[in-house]
Amino acid sequence: MLDVTVIEDAEAAAVSLDPVRARLLAELAAGPASAAMLAGKVGLPRQKVNYHLKTLERHGLVELAGERRKGNVTERLMRATAASYVISPLALAAVQPDPDRFRDQLSARWLLALGARLVRDVGSLITGAAKARKRLATYALDGEVTFASAADRAAFIEELTAGVGALIRKYHDGDAEDGRPHRIVVAVHPTVKPEVAAGPEAVAEAETATGSGAATGSGAATGIEAAAGIEAATGSETAAGTEAVEAPAGREAAH
(Lines give C-alpha, C1' and ligand atoms only; values in the text may rest on other atoms or scores of the structure.)
Protein backbone atom coordinates (compact mmCIF):
# COMPACT_ATOMS: atom_id res chain seq x y z
CA MET A 1 0.00 0.00 0.00
CA LEU A 2 1.28 3.43 -0.93
CA ASP A 3 1.28 6.24 1.63
CA VAL A 4 -0.44 8.59 -0.81
CA THR A 5 -1.44 8.38 -4.46
CA VAL A 6 -2.71 10.95 -6.95
CA ILE A 7 -6.00 10.45 -8.77
CA GLU A 8 -5.72 11.89 -12.28
CA ASP A 9 -8.76 10.35 -13.95
CA ALA A 10 -12.03 12.31 -13.74
CA GLU A 11 -14.19 9.19 -13.35
CA ALA A 12 -11.95 7.81 -10.61
CA ALA A 13 -12.14 11.16 -8.83
CA ALA A 14 -15.93 11.10 -8.97
CA VAL A 15 -15.97 7.54 -7.64
CA SER A 16 -13.71 8.42 -4.72
CA LEU A 17 -15.85 11.41 -3.74
CA ASP A 18 -18.99 9.32 -3.26
CA PRO A 19 -19.59 9.33 0.54
CA VAL A 20 -20.15 5.57 0.81
CA ARG A 21 -17.12 4.72 -1.30
CA ALA A 22 -14.99 7.23 0.58
CA ARG A 23 -16.01 5.47 3.81
CA LEU A 24 -15.10 2.10 2.30
CA LEU A 25 -11.70 3.45 1.23
CA ALA A 26 -11.09 4.65 4.78
CA GLU A 27 -12.01 1.25 6.21
CA LEU A 28 -9.81 -0.60 3.69
CA ALA A 29 -6.89 1.74 4.35
CA ALA A 30 -6.93 0.38 7.91
CA GLY A 31 -6.62 -3.21 6.69
CA PRO A 32 -8.02 -5.84 4.29
CA ALA A 33 -11.69 -6.72 4.61
CA SER A 34 -14.41 -8.54 2.72
CA ALA A 35 -17.76 -7.18 1.59
CA ALA A 36 -19.44 -9.07 4.44
CA MET A 37 -17.05 -7.58 7.01
CA LEU A 38 -17.61 -4.07 5.65
CA ALA A 39 -21.38 -4.39 5.41
CA GLY A 40 -21.86 -4.20 9.17
CA LYS A 41 -19.52 -1.23 9.50
CA VAL A 42 -21.19 0.92 6.86
CA GLY A 43 -24.75 -0.26 7.40
CA LEU A 44 -25.38 -1.60 3.91
CA PRO A 45 -26.28 -5.04 2.53
CA ARG A 46 -23.29 -7.16 1.48
CA GLN A 47 -24.43 -7.13 -2.16
CA LYS A 48 -24.48 -3.32 -2.21
CA VAL A 49 -21.03 -3.14 -0.61
CA ASN A 50 -19.74 -5.63 -3.14
CA TYR A 51 -21.05 -3.43 -5.96
CA HIS A 52 -19.18 -0.41 -4.56
CA LEU A 53 -16.02 -2.45 -4.10
CA LYS A 54 -16.09 -3.61 -7.71
CA THR A 55 -16.46 0.01 -8.83
CA LEU A 56 -13.50 1.09 -6.69
CA GLU A 57 -11.45 -1.84 -7.98
CA ARG A 58 -12.25 -0.99 -11.59
CA HIS A 59 -10.71 2.45 -11.06
CA GLY A 60 -7.63 1.13 -9.24
CA LEU A 61 -8.57 2.51 -5.83
CA VAL A 62 -8.77 -0.91 -4.14
CA GLU A 63 -7.13 -4.23 -4.97
CA LEU A 64 -7.37 -7.88 -4.06
CA ALA A 65 -5.39 -8.68 -0.93
CA GLY A 66 -6.31 -12.38 -0.78
CA GLU A 67 -9.13 -14.88 -0.52
CA ARG A 68 -10.48 -17.05 2.26
CA ARG A 69 -13.00 -19.84 2.56
CA LYS A 70 -15.97 -19.24 4.80
CA GLY A 71 -18.27 -22.25 4.72
CA ASN A 72 -19.16 -22.90 1.10
CA VAL A 73 -18.26 -19.37 0.07
CA THR A 74 -14.91 -17.92 -0.99
CA GLU A 75 -14.61 -14.35 0.25
CA ARG A 76 -12.44 -11.80 -1.52
CA LEU A 77 -10.42 -9.67 0.88
CA MET A 78 -9.88 -6.20 -0.53
CA ARG A 79 -7.52 -3.43 0.52
CA ALA A 80 -7.04 0.20 -0.45
CA THR A 81 -4.20 0.86 -2.86
CA ALA A 82 -3.11 3.84 -0.75
CA ALA A 83 -3.52 5.17 2.76
CA SER A 84 -4.66 8.51 1.36
CA TYR A 85 -5.57 10.05 -1.99
CA VAL A 86 -5.07 13.43 -3.65
CA ILE A 87 -7.15 14.48 -6.63
CA SER A 88 -4.99 16.04 -9.34
CA PRO A 89 -6.15 19.13 -11.26
CA LEU A 90 -5.86 16.85 -14.32
CA ALA A 91 -9.19 15.37 -13.22
CA LEU A 92 -10.68 18.76 -14.13
CA ALA A 93 -8.44 19.35 -17.10
CA ALA A 94 -10.62 21.95 -18.83
CA VAL A 95 -10.79 24.18 -15.75
CA GLN A 96 -7.59 23.36 -13.90
CA PRO A 97 -5.72 26.36 -12.45
CA ASP A 98 -3.06 27.90 -14.65
CA PRO A 99 -0.59 30.15 -12.78
CA ASP A 100 0.68 31.48 -16.11
CA ARG A 101 -2.61 33.29 -16.74
CA PHE A 102 -1.61 35.97 -14.29
CA ARG A 103 1.20 36.64 -11.84
CA ASP A 104 0.55 38.32 -8.51
CA GLN A 105 3.17 37.58 -5.89
CA LEU A 106 0.87 38.61 -3.03
CA SER A 107 -2.25 36.84 -4.25
CA ALA A 108 -3.41 33.81 -2.30
CA ARG A 109 -5.21 32.60 -5.42
CA TRP A 110 -2.01 32.66 -7.46
CA LEU A 111 -0.35 30.69 -4.66
CA LEU A 112 -3.22 28.21 -4.86
CA ALA A 113 -2.71 27.89 -8.63
CA LEU A 114 0.99 27.18 -8.04
CA GLY A 115 0.08 24.54 -5.47
CA ALA A 116 -2.36 22.92 -7.88
CA ARG A 117 0.31 22.78 -10.57
CA LEU A 118 2.69 21.21 -8.05
CA VAL A 119 0.16 18.45 -7.30
CA ARG A 120 -0.46 17.90 -11.02
CA ASP A 121 3.21 17.79 -12.03
CA VAL A 122 4.48 15.68 -9.14
CA GLY A 123 1.55 13.30 -9.59
CA SER A 124 2.43 12.86 -13.26
CA LEU A 125 6.10 12.36 -12.41
CA ILE A 126 5.26 9.71 -9.82
CA THR A 127 3.06 7.89 -12.33
CA GLY A 128 5.76 8.01 -14.99
CA ALA A 129 8.52 6.95 -12.62
CA ALA A 130 6.44 4.00 -11.44
CA LYS A 131 5.78 2.85 -15.01
CA ALA A 132 9.47 3.19 -15.88
CA ARG A 133 10.44 1.56 -12.58
CA LYS A 134 12.68 4.49 -11.82
CA ARG A 135 13.32 6.25 -8.55
CA LEU A 136 12.02 9.81 -8.49
CA ALA A 137 14.18 12.03 -6.29
CA THR A 138 12.47 15.10 -4.85
CA TYR A 139 13.11 17.47 -1.98
CA ALA A 140 10.74 19.44 0.22
CA LEU A 141 11.26 21.85 3.10
CA ASP A 142 8.46 22.61 5.51
CA GLY A 143 8.87 25.12 8.31
CA GLU A 144 7.08 27.70 10.40
CA VAL A 145 8.11 31.18 11.44
CA THR A 146 6.35 33.73 13.66
CA PHE A 147 6.85 37.34 12.60
CA ALA A 148 6.76 40.03 15.27
CA SER A 149 5.42 42.58 12.80
CA ALA A 150 4.35 43.14 9.22
CA ALA A 151 7.64 44.95 8.68
CA ASP A 152 9.57 41.84 9.75
CA ARG A 153 7.50 39.73 7.36
CA ALA A 154 8.22 42.10 4.50
CA ALA A 155 11.95 42.08 5.32
CA PHE A 156 11.91 38.27 5.44
CA ILE A 157 10.29 38.03 2.01
CA GLU A 158 12.79 40.51 0.60
CA GLU A 159 15.73 38.48 1.94
CA LEU A 160 14.13 35.24 0.79
CA THR A 161 13.66 36.61 -2.71
CA ALA A 162 17.24 37.85 -2.87
CA GLY A 163 18.68 34.63 -1.43
CA VAL A 164 16.79 32.23 -3.68
CA GLY A 165 17.42 34.47 -6.67
CA ALA A 166 21.17 34.42 -5.95
CA LEU A 167 21.17 30.61 -5.73
CA ILE A 168 19.31 30.34 -9.02
CA ARG A 169 21.77 32.65 -10.75
CA LYS A 170 24.67 30.72 -9.25
CA TYR A 171 23.59 27.23 -10.32
CA HIS A 172 21.46 27.81 -13.40
CA ASP A 173 23.23 26.73 -16.58
CA GLY A 174 20.95 27.04 -19.54
CA ASP A 175 23.69 25.88 -21.88
CA ALA A 176 24.42 22.61 -20.07
CA GLU A 177 24.20 19.85 -22.68
CA ASP A 178 22.81 17.26 -20.28
CA GLY A 179 21.14 19.72 -17.92
CA ARG A 180 17.74 18.95 -16.46
CA PRO A 181 15.27 21.77 -15.81
CA HIS A 182 13.83 21.87 -12.30
CA ARG A 183 10.99 23.88 -10.82
CA ILE A 184 11.17 25.30 -7.30
CA VAL A 185 8.13 26.57 -5.42
CA VAL A 186 8.61 28.80 -2.38
CA ALA A 187 5.49 29.82 -0.51
CA VAL A 188 4.68 32.02 2.46
CA HIS A 189 1.20 31.84 3.99
CA PRO A 190 -0.48 32.04 7.40
CA THR A 191 -0.59 28.88 9.45
CA VAL A 192 -4.06 27.37 9.63
CA LYS A 193 -5.00 26.23 13.10
CA PRO A 194 -6.79 22.84 12.83
CA GLU A 195 -9.27 23.65 15.62
CA VAL A 196 -10.30 26.98 14.12
CA ALA A 197 -12.29 27.13 10.88
CA ALA A 198 -10.99 29.77 8.49
CA GLY A 199 -13.39 32.69 8.31
CA PRO A 200 -13.54 35.82 6.14
CA GLU A 201 -10.96 37.50 8.36
CA ALA A 202 -8.47 34.71 7.82
CA VAL A 203 -9.08 34.78 4.08
CA ALA A 204 -8.50 38.52 3.95
CA GLU A 205 -5.28 38.13 5.89
CA ALA A 206 -4.15 35.32 3.60
CA GLU A 207 -4.65 37.54 0.57
CA THR A 208 -1.90 39.82 1.86
CA ALA A 209 0.46 36.86 2.36
CA THR A 210 0.73 37.34 6.11
CA GLY A 211 1.69 34.83 8.80
CA SER A 212 4.03 31.89 8.83
CA GLY A 213 6.34 30.76 6.09
CA ALA A 214 6.73 27.46 4.35
CA ALA A 215 9.25 26.82 1.63
CA THR A 216 8.98 23.82 -0.65
CA GLY A 217 11.33 22.81 -3.36
CA SER A 218 11.10 19.76 -5.56
CA GLY A 219 13.83 18.28 -7.67
CA ALA A 220 13.90 15.82 -10.53
CA ALA A 221 11.99 18.07 -12.91
CA THR A 222 9.46 19.02 -10.28
CA GLY A 223 10.00 22.73 -10.58
CA ILE A 224 11.12 26.32 -9.84
CA GLU A 225 9.03 29.28 -8.90
CA ALA A 226 9.03 31.50 -5.84
CA ALA A 227 5.98 33.11 -4.31
CA ALA A 228 8.16 36.17 -4.75
CA GLY A 229 7.96 35.56 -8.49
CA ILE A 230 11.42 34.14 -9.18
CA GLU A 231 11.64 32.21 -12.44
CA ALA A 232 14.74 30.37 -13.63
CA ALA A 233 15.73 26.97 -14.97
CA THR A 234 12.08 26.28 -15.65
CA GLY A 235 10.76 23.55 -17.87
CA SER A 236 9.15 20.16 -17.75
CA GLU A 237 10.00 16.66 -18.84
CA THR A 238 7.72 13.84 -19.87
CA ALA A 239 6.96 11.70 -16.88
CA ALA A 240 7.57 8.46 -18.75
CA GLY A 241 11.17 9.49 -19.30
CA THR A 242 11.87 10.21 -15.65
CA GLU A 243 15.29 9.01 -14.58
CA ALA A 244 16.57 8.28 -11.11
CA VAL A 245 18.29 11.27 -9.58
CA GLU A 246 19.90 10.92 -6.22
CA ALA A 247 18.55 13.08 -3.45
CA PRO A 248 20.91 15.34 -1.46
CA ALA A 249 23.31 13.35 0.70
CA GLY A 250 21.75 12.00 3.83
CA ARG A 251 18.20 12.55 2.61
CA GLU A 252 15.69 10.01 1.42
CA ALA A 253 13.99 10.80 -1.83
CA ALA A 254 10.38 11.81 -1.26
CA HIS A 255 7.78 9.70 -3.06
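This is a predicted model: local features need pLDDT of at least 70, side-chain atom pairs count only at pLDDT 80 or more; totals for chains, interfaces and linings use all residues.
**Stop 1: α2 against α3**

Select helix α2, residues 19-30, together with helix α3, residues 35-42. Their axes lie 11 Å apart and the packing angle is about 120 degrees. The crossing of α2 past α3 is right-handed. To see the contact, show Arg23, Leu24, Glu27 and Leu28 on α2, then Leu38, Lys41 and Val42 on α3. By class, the residues of this contact are four nonpolar and three charged, with no polar ones.

Keep Arg23, Glu27 and Lys41 on display: salt bridges with shared partners join them into one network.

**Stop 2: α2 against α4**

On the α2 side, pick Val20, Arg21, Leu24, Leu25 and Leu28. On the α4 side, pick Val49, Tyr51, His52, Leu53, Thr55 and Leu56. The residues in this contact comprise eight nonpolar, two polar and one charged.

**Stop 3: from α4 to β3**

Now turn to the salt bridges, which number eight in the model. Select Glu57 and Arg76, whose closest N and O atoms are 3.1 Å apart in a salt bridge. Glu57 belongs to helix α4 and Arg76 to strand β3 (residues 73-80), so this pair, 19 residues apart, links distant parts of the chain. Arg76 has 34% relative accessibility and counts as partly exposed. Glu57, at 29%, is also classed as partly exposed.

**Stop 4**

Move to Asp100 and Arg117, where a salt bridge joins the side chains at 3.8 Å, N to O. Asp100 sits in the loop between β4 (85-87) and α5 (108-132), while Arg117 is in helix α5. The pair thus ties together parts 17 residues apart in sequence.

**Stop 5: Arg120 and Asp121**

Finish with Arg120 and Asp121, a salt bridge whose closest N and O atoms are 2.9 Å apart. Asp121 has a relative accessible area of 18%. Buried means under 20%, so Asp121 counts as buried.

Conventions:
Residues are numbered from 1 along each chain as its sequence is written. Side-chain values use heavy atoms; hydrogens and water are left out. Axes are lines fitted to C-alpha atoms, for helices over the stretch in contact, and angles run from 0 to 180 degrees between N-to-C directions. Helices (H or I, at least four residues) and strands (E, at least two) are DSSP runs, numbered from the N terminus. A crossing is left-handed if the near helix is turned anticlockwise from the far one by less than a right angle, and right-handed if clockwise. Contact means heavy atoms within 4.5 Å. Ala, Val, Leu, Ile, Met, Phe, Trp, Tyr, Cys and Pro count as nonpolar, Asp, Glu, Lys and Arg as charged, and the others, Gly among them, as polar. A salt bridge is a side-chain nitrogen of Lys or Arg within 4 Å of a carboxyl oxygen of Asp or Glu. Buried means under 20% relative accessible area, exposed over 50%, partly exposed in between (1.4 Å probe, protein chains only).
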